[in-house]
Amino acid sequence: MTHQSGHLFEPADGPERAAPAPLAERMRPRSFDELVGQQELLAPGQPLRAAIERDALQSIILWGPPGTGKTTVARLIATATRARFVAFSAVLSGIRDIKAVMAEAEATRRVSARRTILFVDEIHRFNKAQQDAFLPRVEAGDIALVGATTENPSFEVNAALLSRSKVFVLRPLTPDETIDILRRALHDRERGLGDAELAVDDDALDAIARHANGDARVALNLLELAATLAGRGETGEGAAPPAAGATAAGGVAARDAGRIDRALLARAIQKRALLYDKTGEEHYNLISALHKSLRNSDPDAGVYWLARMVEAGEDPLYIARRLIRFASEDIGNADPAALSVAVGAKDAVHFIGMPEGNTALAQAVIYLATAPKSNAVYAAYNQAAADAHQEAAEPVPLHLRNAPTQLMQEHGYGKGYAYAHDDPDAVAAMSCLPPALAGRRYYRPAGRGFEQEIARRLDKWQALKRRKSRAQRPQAEDT
C-alpha cells in the first residue's frame, strides 16, 4: 500500500534512482497549463477544476479509458490541496489497509480539523466489503474519496458509495490532442526527447496517434521505443532520406540525427493489441454495437464490429450465439432462412475453428444485416409470457386435451376437437386459447419479407374461422 500525508507521487532522489523514469511518466502534466485534453472538465472555470483550485473537492469518481488523465488529475489535486492526501491502489491493498487509513482520517479530523482526500486507483477492483469500509468516513465528512476506474461505475461501484460521489467521465484523447502531446515530448529538452534532435515524419506521428487510440501513455511509450531504435541507427525496411514532412525535434536540421518514419514505427508496433476486456463493459459495448448495426440493416458496420471483436480475441461461439438470437429476435419469419444461416455459422466455427471460421461469421453477419427485419416473433413471445405470468392459469380446454384412455374420454377429454385435416381448407373454427384469452392476438406479422405472405394467410384463415363459426352457431342453437 502507498499512503502518505502531503503530496503524492514525488520522484525518488539520489543514487537509489538507477534509471530515468519512462517518457510517459516524465511528461506527465505538472499543472493545468500543461494539460492536453479533457477541457470540458478541466478548462478554467469548469466545476472540477474550480473545486480543485479552491481546495473544495468533494467525493468524485473519475471514469475513463487508460491514459486519459485520471492519475494526472489526482496529482493536480495532491499539489493543490491543503488537506492530508492519501493514495493507494486497489490492486495492492486489502480491507485491513482501508480500515487503518479510515482510522487515521477520523483521528486527523478530530485532532486538527483537517480532512483527508483519499485517492483510490482502480477502485473497481475493490469488492463490496472493501468499498463499504469507506462509507462511514465519507458520510461523516472525514474523507473526500477520489476513485479512478476504467470500468462503468454503475456496475463496479457500490450504489451507496456512488450516490455520495460525483462521476466525471474522461474521454479518450483525439488524434490531434495525442499529436500535440507527442510534439511536446519531442521538443522538451528538460523532460522529453529534445536533446536527441530526432527527425520524425508527420505521417509517423499520425500513425502513433491512431495506434494509441486515445491513450497518451501508449503514444508516449511507442514514441520512446521508436526513438530508442532510431538512436541506435536502426531504420525501417527501405528507409529513404528524410521526407519533406520530417522535422527535427530540437528545431534544427537533422542530418545526423535518428529518424522515425512509418517503416521504423511498424517495427516498433509489430502487432496492435486492441483494447478489449471480455468480461468488462467494452465486451457489452461491442456486442451491442454489432446487434444494433444488424438491426439497422448496415452490413458494413456489422462486419466492422464483428472484426473488432474477433481480432481482439472474443470467443467466436459467443458471437455465434448472439447472431442466432438476433436471427429470431429481429428477423424472425420475415426471412425464416436467417436462423438456419446463423446456426450454420455456429456449426462452421465449431467444426473448422479459428481463424478460418471468421469468414463464416462474416457471411452470417452480412446475411442478417441485409435480411428483411421483423420483431413480431419477439413481441409475440413477450406478450404471451406476460399473460402466462399475469393471467389466471386456466386449465387446458377439454377439446384440446389428449384422451388415450376410456376414463378420460368419459370425462370429456377431447370432446369437440375438430381435426383440421378433415376440413377442406385445413382450418377448423374452434378456439385454441383458454376461454379468458379467446380472440387474443400475439403474433402480428410485419409487412416485410416472407411475413407479408404469412399475414395474408392469417387474414384468410381468420375470415374462414369467422364464417365457419357463424355457420355452426344455428346448428348449436337447434340442438
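Okay, let's start with a term: a residue is buried if its relative accessible area is under 20%, exposed if over 50%, and partly exposed in between, using a 1.4 Å probe and protein chains only. Take Asn213: its relative accessibility is 44%, so Asn213 counts as partly exposed. Asn213 lies in the loop between α11 (202-212) and α12 (216-231), and has a positive phi of about 55° although it is not a glycine.

Before I go on, some ground rules. This is a predicted model, where local features need pLDDT of at least 70 and side-chain atom pairs count only at pLDDT 80 or more, while totals for chains, interfaces and linings use all residues. Residues are numbered from 1 along each chain as its sequence is written, and side-chain values use heavy atoms, with hydrogens and water left out.

Now the overall picture. The protein has 479 residues, and 41% of them count as buried. You'll find 21 helices and eight strands; these are DSSP runs numbered from the N terminus, helices being H or I with at least four residues and strands E with at least two. As for contacts (heavy atoms within 4.5 Å), take those with a separation of 6 or more: residues 24 or more positions apart account for 76% of them.

Back to loops. Gln38 has a positive phi too, about 60°, and is not a glycine. Gln38 is found between α1 (23-26) and α2 (39-42). Is Gln38 buried or exposed? Buried, because its relative accessibility is 2%.

Leu193 is in the loop between α10 (175-187) and β6 (199-200). With a relative accessible area of 12%, Leu193 is buried. The C-alpha atom of Leu193 is 8.4 Å from that of Leu23, although the two are 170 residues apart along the chain.

Next, a pair of helices. α16 (residues 316-331) and α18 (residues 358-370) pack at about 20°, and their axes are 11 Å apart. The axes are lines fitted to C-alpha atoms, for helices over the stretch in contact, and the angles run from 0 to 180 degrees between N-to-C directions. So α16 and α18 are roughly parallel to each other; the word covers angles under 35 degrees, with over 145 called roughly antiparallel, 65 to 115 roughly perpendicular, and the rest oblique. Who meets whom? On the α16 side, the residues include Pro316, Leu323 and Phe326, and on the α18 side they include Leu361 and Val365.

In the loop between α17 (337-352) and α18 sits Pro355. A cis peptide bond joins Met354 to Pro355, with omega at about 10°.

Last stop, rings. How many aromatic pairs does the structure hold? Two. Rings of Phe, Tyr and Trp (its six-membered ring) pair if their centres lie within 6.5 Å, and planes under 30 degrees apart count as stacked, over 60 as edge-to-face and the rest as tilted. Phe126 and Phe134 make a tilted pair, 5.8 Å centre to centre with 55° between the planes. Phe126 and Phe134 are both buried. For Tyr304 and Trp305, the centres are 4.9 Å apart and the planes are at 70°, so that pair is edge-to-face. Tyr304 is partly exposed at 42% relative accessibility, and Trp305 is partly exposed at 22%.

And two charges over rings, meaning NZ of Lys or CZ of Arg within 6 Å of the ring centre and within 35 degrees of the ring normal. Lys166 is over the face of Phe168, 5.9 Å from the ring centre, and Arg401 is over the face of Tyr413, 4.9 Å from the ring centre.
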